[in-house]
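This report describes a protein chain for a reader with an interest in its geometry. The structure is shown first, and the description comes after it.

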Amino acid sequence: MMSLLGIALVLGLLTGAWAQMLLHNVTRPPCDSPDVKAAALVAQDYLNSQHTHGYKYALNQIDDIKIITKPDGSEIYLMEVDLLETTCHVLDPTPVANCTVRPKVVTAVEGDCDVVLRKVGGVMSVTAFKCKTEESTEDLCVGCASLLPLNDTAGLAMVSASLVTFNSKTGKESLFAIMEVGRMSTQVVSGGARYLAEYVIVETNCTANDSDDNCVPLTHAMAKRGFCQVAGVSSLHSIQCDIFAASSMMPIVDTNGTVPVPAPVVHVGILPKVHGLRHHKLTALHDPDRSGLLSAESGESGESEESIVPVVPVVVVPVGTEAPPVVVVDPVVGTDAPVVSGVVKREAPEPVPDSPAIVSAPLAPVPVCPGKKKFF
């Protein structure tokens, strides 16, 4: 019995020592430092690779960063990032850096994500994430187009009619089916309501000479897919479709790994069943190892005491006046840390005759997080 108590005590002490070790190896670098930006771009690309519907997202801002250095030398990055929806569909081969971010006036969509990354031997990888996706309600204007639910009846009627228009122009080539509706909106104009829609199409096993009643979408990797934009109403509309090259198309990836998944099976003329949301959401949660490192979203400002550093201003001391001693304090460790932790105590230099002495003194803190916004 005593030996069991002894073992439990030792384990408790080891756990406490490990917790203290982690506590003393947490750093908070500036959000816009090169290493942190590089990690954020790894997070961006990984989130896009796990996002199987809708559009690619571009990094807009780094909200917060903590780095935990483990005894084996590996590092854990705990990041909070903001992303913005682009106009590139996830199947579009265009690099996200070249994609246009959707402006606020057409209802931008924002992704707020907590991401856990691990850096081993200089290689960064994502181990867990959780995301919240919301519409931006800022800068909406009277008369501008407003988003519709993705299952809006009138909008889907125009989508179906526009696909018939596109298929009628393909000649002897394959007919296409609707694979996914990406976005629909409506706008009131002088002639009444007009609709705008974006959707993805996929090649079927039928040609223009076949009946489209029994056409089946092709699911193999070389099946043609395209992105269509349409405006108008069911009876009168304009449509523009761009077909992606099969060899350069972004693969469809399962959210729990890198296993390709088949495209949804949709018949020509029959729209897929879509939810009542007005936009596609990023994958909400991915934490296969139950890391316990995904914190709950905080409503506090990013400018907390833990994410600021003091700026040392210039103070002019009159000639002949004794300059006060200056203490430079490590903003992360605190005033009680030893010299090796970054706290340096030094005396100000002697004043130079006939000239003011330049010394430093603390002023207002400047936040190192969040970082700068790239777009808005």
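The sections below treat the chain as a whole, then its helices, sheet and cores, and finally some individual residues.

## Basis and overall composition

The model is predicted: local features need pLDDT of at least 70, side-chain atom pairs count only at pLDDT 80 or more, and totals for chains, interfaces and linings use all residues. Residues are numbered from 1 along each chain as its sequence is written, and side-chain values use heavy atoms, with hydrogens and water left out.

Three helices and 17 strands form the secondary structure of the chain; helices (H or I, at least four residues) and strands (E, at least two) are DSSP runs, numbered from the N terminus. Of the 376 residues, 38% are buried, where buried means under 20% relative accessible area, exposed over 50%, and partly exposed in between (1.4 Å probe, protein chains only). The accessible surface amounts to about 20800 Å², with 59% of it belonging to carbon and sulfur atoms; areas come from the Shrake-Rupley method with a 1.4 Å probe, and for residues only the protein chains shown count as cover. Among contacts (heavy atoms within 4.5 Å) with a separation of 6 or more, 72% are between residues 24 or more positions apart.

Helix α2 covers residues 34–49, and its 16 residues should span 22 Å at 1.5 Å a residue; the end C-alpha atoms are 23 Å apart, which agrees. The expected span is 1.5 Å times one less than the number of residues. Buried positions in α2 are V36, A39, A40, A43, Q44, L47 and N48, and the buried residues of this helix pack against β2 (55–69), β3 (75–89), β4 (109–120) and β5 (123–135).

A nonpolar core is a set of buried Ala, Val, Leu, Ile, Met, Phe, Trp, Tyr and Cys residues joined through side-chain atoms within 4.5 Å. The largest has 25 residues, of which I65, Y77, M79, V81, C113, V115 and L117 touch the most other members. Two or more residues of this core come from each of α2, β2, β3, β4 and β5. Apart from it lies another core, of 19 residues, including L148, Y199, I239 and C241.

## The five-strand sheet

An open sheet with antiparallel pairing has the strand order β6-β7-β8-β9-β10; two strands pair if DSSP finds at least two bridges between them. Because β6 (146–147) and β10 (237–244) stand at the edges with a single partner strand each, one side of each is left without a neighbour in the sheet. Helix α3 (residues 153–167) packs on the sheet, touching β7 (174–189), β8, β9 and β10, and its direction makes about 135° with that of β7. Axes are lines fitted to C-alpha atoms, for helices over the stretch in contact, and angles run from 0 to 180 degrees between N-to-C directions.

Strands β8 (residues 192–207) and β9 (residues 225–232) are joined by eight bridges, and A197 stands opposite V230 in β9.

## Individual residues

E173 lies in the loop between α3 and β7 and is exposed, with a relative accessible area of 51%. Leaving aside neighbours within four places in sequence, E173 contacts C206, T207 and A208. The C-alpha atoms of E173 and A208 are separated by 6.4 Å, although these residues are 35 apart along the chain.

T107, in the loop between β3 and β4, has a positive phi near 70° and is buried at 3% relative accessible area. R290, in the loop between β11 (285–286) and β12 (308–310), has a positive phi near 50° and is exposed at 75% relative accessibility. A cis peptide bond, with omega about 0°, joins C369 and P370; P370 is in the segment after β17 (365–367).
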